[in-house]
Amino acid sequence: MGTVAVQGLCKSFGKVRALDGVTLDVPDGAFFVVLGPSGAGKTTTLRAIAGLDKLDAGSVHLDGRDATADAPAVRDLAMVFQNYALYPRHTAYENIASPLRARRRPAGEIAAAVERMSGLLHIERLLHRRPAQLSGGEMQRVALARALVRSPRAFLMDEPLTNLDLKLRVEMRTELTRIHRSLGATFVYVTNDQVEALSMADQVAVLREGTVQQVGTPTEVYERPANQWVAGFVGSPPISLLACHAEGDRLVGEAGWTLPRPRWATAADGQALRLGLRAEDLSVEQRGDASLPGELYGLEPLGDRTVVDVRVGTEILKVKARPTVTGTPGERLRVTVDLDRAHLFDAGTGLSLSAAGR
Amino acid sequence: MAVSVDEAVSAGPAPDHPSPARRVRRRGRGRSVLEVVLLTALAVVMLFPVLWMIETSIKENRDVYAVPAEFFGFTVTLDHFRDVFVGADGGRSALSVAFLNSVVVAGVSTVLATVLGVPAAWAYSRFTLKAKKDQLFFVLSTRFMPPVVVVVPIFLMYRQAGLIDTKLGLILIYAAFNVPFTIWMMKGFVDEVPAEYEDAAMLDGYSRLQAFWKFTLPLLVPGIAATAVFALIFSWNEFVFAIFLTSSDEVRTAPPAIAGLIGGTTVDWGLVAAASVVFALPVLVFAYLVRRHLVAGVTLGAVRR
């Protein structure tokens with residue numbers, strides 16, 4: 001068992017509201033990712049689950065039992081810190097053994113567990129070293145081993161891959177997913193990297209300024225963002241947003257373009273809207289009925305693809321194209337739109353008008 | 001300014017062109033010429049009394065009063081040092097008792113200040129407290145007044161409490177003076193130790209106090225050593241409270257005891273000097289042992305790592 005539920009978490013640091021009523025439900029065995037930009041309250045949420053900070057309001061339930069007042073030691077959780085927090089005076093072996101020593105496990109069991117973990121994470125040769133003698137990736141593995149050496153109720157991970165270089169990060173991403181699958185344990189994983197969230201998570205909670213914006217599977221969050229902010233935060237290149245309004249069976253852009261109005265768009269005529277278009281749902285190479293006039297603004301070759309920036313009125317559309325695409329800035333062109341995959345947001349509230357309707 | 005002096009020093013015909021590395025070294029040496037001159041002048045002024053004290057302590061009494069004074073070529077004697085520790089009747093001298101008192105008072109008060117101050121510093125560093133800055137300012141403000149300002153009220157309090165002329169009285173007042181200092185200096189050291197070590201330890205299954213004791217405290221040892229030496233030096237050198245709050249030879253610490261040697265009809269300067277040398281030695285030894293940590297303590301926060 002390993003369910004984690006937090007209800008109405010509130011926490012202020014001075015005048016800054018870090019958490020403003022955060023409610024999350026992490027099912028047993030889930031890889032649950034808390035995603036948000038820095039300052040969104042992700043780490044504070046994790047520390048609240050761990051019991052490291054005192055809350056202003058709210059409750060933490062572990063396995064259905066109220067643990068709000070429990071000390072961290074009795075919550076039976078393990079945590080990987082962003083800066084690893086390895087004990088500097090202890091060898092890697094002692095660092096990994098620490099959770100078992102704290103629980104007064106017999107020496108034989110400790111030795112066996114450390115050996116098993118170091119095998120799993122390929123750090124057998126590092127066990128006698130101190131943290132200062134380890135590289136970032138090695139420290140990360142030792143920190144992971146220290147968390148995994150026990151079988152706690154749940155694992156808490158605070159941006160464990162942020163301090164690694166890109167190659168190592170991709171490697172560890174796969175490895176963490178593998179470990180999660182083989183353990184079947186509950187992971188609560190905090191990150192500001194949406195690629196990590198989309199690639200690793202069973203469920204993603206998107207956090208912004210201490211409030212939960214959306215909870216769902218990676219597909220749900222990506223395909224059906226609850227609001228304009230989530231749509232803009234998740235996805236790379238970021239979603240393009242065009243100001244427009246509905247007029248009968250048409251969408252009319254503030255820049256002067258018109259598109260057929262999607263059937264699911266329930267907005268009233270004249271209501272200020274934002275049309276959200278993802279780069280992969282746009283094309284500069286195909287012909288179609290629904291298209292926008294614009295001019296080439298710039299090209300971003302990324303190797304496997306090229307992102308074409310197209311200026312429509314005063315707004316920039318990011319369009320995904322084949323890496324062979326060419327053009328000169330200022331060139332007139334039309335961008336074909338896959339309207340079935342477009343998003344519409346209320347310009348005032350930012351809420352999605354399409355998420356529910358499809 | 002230093003640069004222009006450098007150039008003046010290194011000016012003149014340079015027969016061979018020095019390599020960049022050598023030039024750097026020569027420039028460094030040029031600067032140190034100025035430094036050496038200034039420091040020598042300063043050292044002479046500062047160290048002359050010390051030198052004179054040491055000379056006096058090993059001169060025979062007739063040489064002490066010799067005019068003109070002899071710097072070299074006097075007869076060396078260690079009689080004064082014997083007199084510091086051995087009384088006229090062959091037993092322990094009053095001065096040796098005073099030294100022992102100083103060791104006890106300075107030692108115990110330092111331990112007390114450290115035991116109280118280090119956990120307090122940890123708490124001020126780690127916890128959110130109401131009006132923390134005001135509290136810390138209040139703690140510091142107790143050090144604003146020089147001892148001589150508060151010695152009279154403390155004398156009255158001590159008379160009521162029966163602490164006049166007791167070692168306990170001195171220990172308490174020295175500890176009270178050293179606790180604020182310990183809190184402030186140690187808070188800087190605790191701030192330097194990431195709180196995550198304790199967080200990690202608590203998740204490992206340790207209590208908050210265990211986490212502090214097992215993981216943070218060992219990292220604070222150099223800071224504690226430096227802080228304790230400062231506290232020790234304060235207690236060891238303290239004069240005003242000692243002379244006001246104690247009177248008997250059995251309780252007196254060394255500073256008032258040495259001062260008490262001066263003021264009779266004749267002053268045994270050799271004995272005064274020898275006692276002063278003995279008095280100064282422990283502080284020098286301690287300061288030497290923890291010199292690196294002392295500098296670290298003084299410059300703490302000056303450099304961001």
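How many residues does the contact take from chain B and from chain A? The contact takes 14 residues from chain B and 17 from chain A, where two residues are in contact if their C-beta atoms, placed from the backbone, lie within 7 Å. This is a predicted model, in which local features need pLDDT of at least 70 and side-chain atom pairs count only at pLDDT 80 or more, while totals for chains, interfaces and linings use all residues. Residues are numbered from 1 along each chain as its sequence is written, and chains are lettered from A and ligands numbered from 1 in the order in which they are written.

Let us begin on the chain B side of the contact. The elements of chain B that give two or more residues to the side touching chain A are α9 (196-204) and α10 (208-237). Helices here are DSSP runs of H or I with at least four residues, strands are runs of E with at least two, and both are numbered from the N terminus. With seven residues, α9(B) gives the most to this side. Sorted by class, the side of chain B that touches chain A has nine nonpolar, two polar and three charged residues. In this sorting, Ala, Val, Leu, Ile, Met, Phe, Trp, Tyr, Cys and Pro count as nonpolar, Asp, Glu, Lys and Arg as charged, and the others, Gly among them, as polar.

Now look at α9(B) itself. Eight of its nine residues are buried, a word used when 20 or more other C-beta atoms lie within 10 Å of a residue's own; 12 or fewer make a residue exposed, and anything in between is partly exposed, with C-beta atoms placed from the backbone.

Helix α8 (residues 167-192) of chain B packs with α10(B) at an angle of about 155°, and their axes are 10 Å apart. Axes are lines fitted to C-alpha atoms, for helices over the stretch in contact, and angles run from 0 to 180 degrees between N-to-C directions. The angle makes α8(B) roughly antiparallel to α10(B), because angles over 145 degrees get that name, while those under 35 count as roughly parallel, 65 to 115 as roughly perpendicular and the rest as oblique. Residues of α8(B) that take part include Phe177(B), Phe181(B) and Met185(B), and those of α10(B) include Leu220(B), Thr227(B) and Phe230(B). By class, the contact of α8(B) with α10(B) has eleven nonpolar, five polar and no charged residues.

In the model, residues 99-290 of chain B are 79% helix and 0% strand, and the end C-alpha atoms lie 22 Å apart. The annotation "transmembrane region" covers, among others, residues 99-124 and 170-190 of chain B. Residues 99-124 of chain B are 100% helix, with end C-alpha atoms 36 Å apart. Residues 170-190 of chain B are also 100% helix, and here the end C-alpha atoms are 29 Å apart.

Chain A has eight helices and 20 strands. Its C-alpha trace spans about 75 × 45 × 35 Å along the principal axes, and 44% of its 358 residues are buried.

Most residues other than glycine have a negative phi, and most peptide bonds are trans. Ala85(A) is not a glycine, yet has a positive phi of about 50°. Is Ala85(A) buried or exposed? Ala85(A) is buried, with 25 other C-beta atoms within 10 Å, and sits in the loop between β6 and α2 of chain A. Asp165(B) has a positive phi of about 60° and is partly exposed, with 16 C-beta neighbours inside 10 Å. Finally, the peptide bond from Ser236(A) to Pro237(A) is cis, with omega near -5°.

Conventions
UniProt positions are given in the numbering used here, feature names are shortened, and annotations may be inferred rather than shown by experiment.
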